[in-house]
Amino acid sequence: MLTINQIHVNYGSFQALDGVSLQVNQGEIVALLGSNGAGKTTTINTASGVLKPLTGSVTFKGEELSRYKLHDISTLGLVQVPEGRKLFPEMSIYENLLIGSYSKKARPKRQENLDMCFELFPKLAERRKQAAGSLSGGERQMVAIARALMQCPELLMLDEPSLGLAPVIVDQVFETIVNINKRGMTILLVEQNVQSSLEIADRAYVIETGHNVMEGAAGDLLRDESLKAAYLGLS
Amino acid sequence: MTVSILTQALIDGILIGGVYAVIGLGLSLAYGVMGVVNWAHGEVLMVSMYISYYLTKFAGFDPYLTALVNILVLGVVGFILQKYIFNRLINRGKAAWRDILLFTAGMSMALQALFNLLFGAEVKSVETRYSGMLELGNMLVSVPKLISFLLAALCCAGLYVFIQKSEMGRALRATSQDRITAQLMSINANLVYCVAFVISLGIVGLSGALLTPFYSVNPYVGVSFCFKAFIIVAMGGKGNIPGAMLSGVIIGVIEKLGGAMVGDNLAQIFIFVLFILILLVKPEGILEKRVRG
Amino acid sequence: MKQKKWILPVIVLLAAILLPVVFHIGLSNMSILISVLLYMYWASSWNIMGGYTGLFSLGNGIYIGLGAYLTGCLFVYANLTPYAGMLVAALLTGVFSIIIGYPTFRLQSIFYSLATFALLGMMKIIFTNFQTIFGVNVGGSNGFKFSPGNDPLNMQFSSKMPYYYIVLGMLVAVLLVSHWITRSKRGFYFRAISANEGAAASLGVSVLSLKMQAQFISAFFSAMGGGFYCMFISYVDPSKMFGVELSINVMIMCVVGGANTLWGPVIGAGLIYTINRIVTMYAPSSLNGLATLISGLILMICVFFLPGGLIPFLADEREKRAMSRRKATLQKQSGGGGGIHE
């Protein structure tokens, strides 16, 4: 569904990505792992169109994304839940969700999606008028995911959803991700939390300082000794 | 200094303050949504005042109806400016605000000089059928100023509803809070910016019509309005509609009360002092927000 | 390598020094040359604050005017020779600039610009409305006048040539200081503030103190230019010194040439002054203000098409060509293999 092919991305003169590739097939949960500064967020941002690669290509459902403007890409079905959630702080939960369904594609399904989100996250339904800036980390993550769901996505990219969250909340988040996937959503999960990610993913890629170093079925990677040494010791 | 003179000045100040508020709002909106500081904001007002003046004086228009022409003309101009110039400058990234400041400063200079060339420097005013005073108790209220105030207040209220309740209003707010994430939500930021600037200049167009019945025009009339608009943005906070309304009224009242006490010319010093006070007292309100950007 | 860069400026300088000696330059042309050099000087002075440090002052005339008035008054009332008077005036103006700068530095940059602009207007009102200030007669709206004379020790010359060399020397001085800014550590901090104030603060230096330094230096030089101007024409006109046109023109000259560069202000001043001059000479007198209109248009065009000014534009073009060469190399490398590992 999503193919990232050898992308090179620069920040000014600093080379952030030096030929990263990955592929996500329909219905899968794919994890993109790596330590801080490896380039995971850069990769996701390039996929969603925030960044433009110097060379290489990003293809979604057969469409080359370089032809599209940033604000048109999510209507194709490729939706990102950004790192740090990036909610609109001065808007209420409800308004954030409304913004999620701004696009012409999502607006007709707005009520239907709202109902689905509130069913998935009942706590948000009670607090819908509360300003997004005043929520706890876990609640914000829920709103961010809900807001992304309002965009009628076909492939959901989550950038470090466990960041800054207590372990209990992290479990809830990952449970939600599995839930959504069971309903048919394809997932690309960017994470530093290697253990939990590999437990729910089908396949995974590992990148280091801007290029691929490892990939394979999640189960295999979980048992891989070198990976354990390098990453599981930290997490 | 009798109470009635002071009360008269107070009323006068509130009425003109409403118009100041709406002019300041135009600037505040553009600045709040996309950080565009239109140094030529006053000159755009001047242009709209000239349009209203000539339509009223020579084409027999009702001065308030010229607002429609103004809004149309300035809306189109605003769209073109934003789409072809400001959006390009903003998308360049680095220090776009400086470029926009310089560009609009050049525009301001050019417009003043152009209108001086075209129409001369003499002050022009027009008699309209909206003249005369209304008696409220033992206070005299100028009819055109009252009408303008009401229309200005209506405009502010309408804008408030638009920003808070409508789809596009939400998009404006989202884009101003986080441009990139808004685009991830399928919001076309460039288009949103155009809407914001069209509204900004449209408001100015309306204001020009509101001023024509009682304010005379010359090529340099925009300068003092622009200064007051900036004070309103500083006092009220960018994009803050109730704040702008309050600030406008405060400025109007200070100006008229000051005028009653020391004469209109020296009253401008009060405005200047107000500006200094705001800079000194409320720097947190207008301090650089490092998160933005 | 670095020595090569010096050759051209030195040659230009020598040519400038020898110019009046070799060619006989008439009085009016001499005035023109002196004016051009003075504007180059003022544009470079503004550059220190506005270009390098990013303090976009729209009220440069404040310092120019103060320098002019102070120098003139010190000469007329205290019999202080202007050679010293200029320095004293510049120092006092520098201190003044810090005093008014202190509250405004903390503001968002746009409000800093607005504050300087408002202050300029305030100065104009004060100096055109009040005959005496602090007990000193400064002439009010008629301006501050004194009789020109031939008194070399007091910077009064009957021929214009000495003025030419004085302003040339001043220009060299301000350019040397600007050059120091581009090379020194302090200058690096100035430019860091302009680029990204938050990042600059994290370098551990006091941003406020640096801004004050930049402002002081800039105001100092601007004021000295004002003092020079006062002695050159023996007259200080408040509506011109504190007028919007002078300040904005100086800024335009610097910006059009290239605000963050050494030679930008010089070239910009030469260009804009020449254009202004030509327009006022050949335009019919009924078209009042055409020069201002054209200056405004030039600024708009420059901002849009030549971001950063003339000199950076040319430098950017070079860099763009280098980037596309790199892209082509990369594409050649990845064109062959590529594809996803499976």
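How many of the 235 residues of chain A count as buried? Keep that question in mind as you open the viewer, and remember throughout that this is a predicted model.

**Stop one: chain A**

Select chain A and colour it by residue burial. The answer to the opening question is 58% of its 235 residues. Now switch to a cartoon view, where you can pick out ten helices and ten strands. Chain A has a radius of gyration of 17 Å, close to the 18 Å that the globule rule gives for 235 residues, so this chain is as compact as a globular protein of that length.

**Stop two: chain C**

Move on to chain C. In cartoon view, this chain shows 14 helices and four strands. Its C-alpha atoms fill a box of roughly 90 × 50 × 45 Å along the principal axes. The radius of gyration of chain C is 22 Å, which agrees with the value near 20 Å that a compact globule of 342 residues would have.

Colour chain C by burial, and 51% of its 342 residues count as buried. For contacts in chain C between residues at least 6 apart in sequence, 74% link residues at least 24 apart. With the surface on, chain C exposes about 15,900 Å², and carbon and sulfur atoms supply 67% of this area. Select the charged side chains of chain C and you will find 21 positive and 8 negative, with the centres of the two sets 7 Å apart.

**Stop three: one helix up close**

Stay in chain C and select residues 264-282, which form helix α12. How far does this helix reach from its first C-alpha to its last? The 19 residues of α12(C) span 27 Å, close to the 27 Å expected at 1.5 Å a residue.

Now show the side chains of α12(C) and look for the buried residues. Among them are C:Pro265, C:Val266, C:Ala269, C:Ile272, C:Tyr273, C:Asn276 and C:Val279. The glycines C:Gly264, C:Gly268 and C:Gly270 are buried too. As you turn the view, bear in mind that an α-helix has 3.6 residues a turn, so residues three or four places apart point the same way.

Terms used: Residues numbered from 1 in each chain as written. Chains lettered and ligands numbered in written order. Predicted model: local features only at pLDDT ≥ 70, side-chain atom pairs only at ≥ 80, totals over all residues. Heavy atoms only, no water. Helix = DSSP H or I, 4+ residues; strand = E, 2+ residues; numbered from the N terminus. Rg over C-alpha atoms; globule rule 2.2 N^0.38 Å. Buried < 20%, exposed > 50% of the residue type's maximum accessible area, 1.4 Å probe, protein only. Expected span 1.5 Å × (residues − 1). Contact = heavy atoms within 4.5 Å. Areas by Shrake-Rupley, 256 points an atom, 1.4 Å probe, with all protein chains shown as cover. Lys, Arg positive; Asp, Glu negative; His and termini not counted. Charge placed at Lys NZ, Arg CZ, Asp CG, Glu CD.
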